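Please find below my note on this model.

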Amino acid sequence: MNIEKSRIAIHNDVLLATHQRSFDYIAGEVENAGDIVNKLAAFQVAIPSWALGTGGTRFGRFPGGGEPRCLEEKITDIGLLHQLNQSSGAISLHIPWDIPSDPSHIKALAAQYGLRFDAMNSNTFQDQPGQVFSYKFGSLQHVNKDIRKQAIAHNIEVIRHGIALGSDALTVWLADGSCFPGQLNFRQAFQHTLESLQEIYAALPDDWKIFVEYKAAEPNFYSTTVGDWGQSLLYTSKLGPKAFTLVDLGHHLPNANIEQIVSLLLMEGKLGGFHFNDSKYGDDDLTVGSIKPYQLFLIFNELVEGMDAKGMNHATGLGWMIDASHNVKDPLEDLLQSIEAIMITYAQALLVDRKKLAEAQQNNDVVTAQEVLQHAFRTDVRALVAAARLQAGGALQPLALYRTEKVREQLIHERGMKTVATGL
Ligand SMILES: [Mn+2]
């Protein structure tokens, strides 16, 4: 389904006067409103194919109906989001769930919605039907060379699918690790993983990147072979200039200082990808900004500061993606909320008075430093975000329009109540 441009225009017309009032107020309060709006309009966040259906937990899954049944329908769903907010202009695929049978057709369909293909994701955390060897005891780290070879070959196959679609990055997240003390020799597991990654790295086209994602725990609960940013940085440093660390907000131990991690990775030129979500206890994969919005702001503040220090383009310098799961919400509504939270936080980070903050730091004026950050965080920037959407042809209130257009009801009508997206 499509949301007609005229429907978006009618929606915007009704809200325009109210929006303009709010915009005029904030534009008078901040120095560079026009510049911020342009940066917001350029900023695109990739949606992963697996976020379009109900995730579930290990206890159960309660699908809401109308979920995409194939890759084409996943592209359609992201196209709908992008029509509404003009900020979801990329899709991230997971192989083997999303193997395109006709890549040129899939590429054309995505282009029709203005979507590009973001990083490709491999999957060696499950066994697939017909697979010769099991990944029960790991993949790239495995003690058996034949199993490592199978996992390497899968990653190279993912690169091939990505080339056909015009992607330019591979994200490797490994479930590899151990559940009990003594199960693994840590150094051997690291060396096996490094050698496997080196073979995958050798298969990357010249203009491709590989992102090595780390995670502290789960599904292995004693050790993880890429367990934290230090281990990821070790791998990516040894691999070479096309290898980068990927930070997923939910993949840290509780209370980790993620803003400091991204700052140092940016300094080293080794931050490549970023996965947004939120959590209270572990890798909860909740809606971005729903639990710890101030932490997200502090992270964005370091991202903006660190990227500016390196002269990086905010929109294209890193691979931005939402990596969340939806157990009780409509997945598309959840994604609209996540994108909104990302845009608001990015706008607030752009508001930080860098000069004043640097002066406060230089003078050990701790109070002013905090005031500078919290002034930006407490500024209501929603009208700036809405203005960026309006400028790009999106809806002033995407979630409201999604509901009044009865998008989910239409998707259920088209696809049925009992649909399950591949991979879920
Ligand atoms: Mn992730």
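Which residues does I91 touch, not counting residues up to four places away in sequence?

1. This is a predicted model, in which local features need pLDDT of at least 70, side-chain atom pairs count only at pLDDT 80 or more, and totals for chains, interfaces and linings use all residues. Residues are numbered from 1 along each chain as its sequence is written.

2. With residues up to four places away in sequence left out, I91 touches A46, I47, S49, I75, I78, A110, L115, F117 and D118; contact here requires C-beta atoms, placed from the backbone, to lie within 7 Å.

3. I91 is also listed with L40, A347 and L384 as having the most contacts inside the largest nonpolar core, which has 111 residues. Such a core is a set of buried Ala, Val, Leu, Ile, Met, Phe, Trp, Tyr and Cys residues joined through C-beta atoms within 7 Å. Helix α10 (residues 331-351) supplies the largest share of this core, 13 residues. Helices (H or I, at least four residues) and strands (E, at least two) are DSSP runs, numbered from the N terminus.

4. Helices α8 (residues 258-267) and α9 (residues 293-309) pack at an angle of about 15 degrees, their axes 8 Å apart. That makes α8 roughly parallel to α9 (angles under 35 degrees). Axes are lines fitted to C-alpha atoms over the stretch in contact, and angles run from 0 to 180 degrees between N-to-C directions. On the α8 side, I258, E259, V262, S263, L266 and M267 meet L298, I299, N301, E302, L303, G306 and M307 of α9.

5. The bond from I95 to P96 is cis, with omega near 15 degrees, and P96 lies in the loop between β2 (90-92) and α4 (103-112). The bond from E218 to P219 is likewise cis, with omega near 5 degrees; P219 is found in the loop between β7 (209-213) and β8 (223-224).

6. Positive phi values also deserve a comment. Most residues other than glycine have a negative phi, and most peptide bonds are trans. Q86, in the loop between α3 (71-85) and β2, has phi near 55 degrees. K406, in the loop between α14 (398-404) and α15 (407-415), has a positive phi of about 55 degrees. K406 is exposed, with 11 other C-beta atoms within 10 Å.

Notes: Parallel < 35°, antiparallel > 145°, perpendicular 65-115°, else oblique. Contact = placed C-beta atoms within 7 Å. Buried ≥ 20, exposed ≤ 12 C-beta atoms within 10 Å, placed from the backbone.
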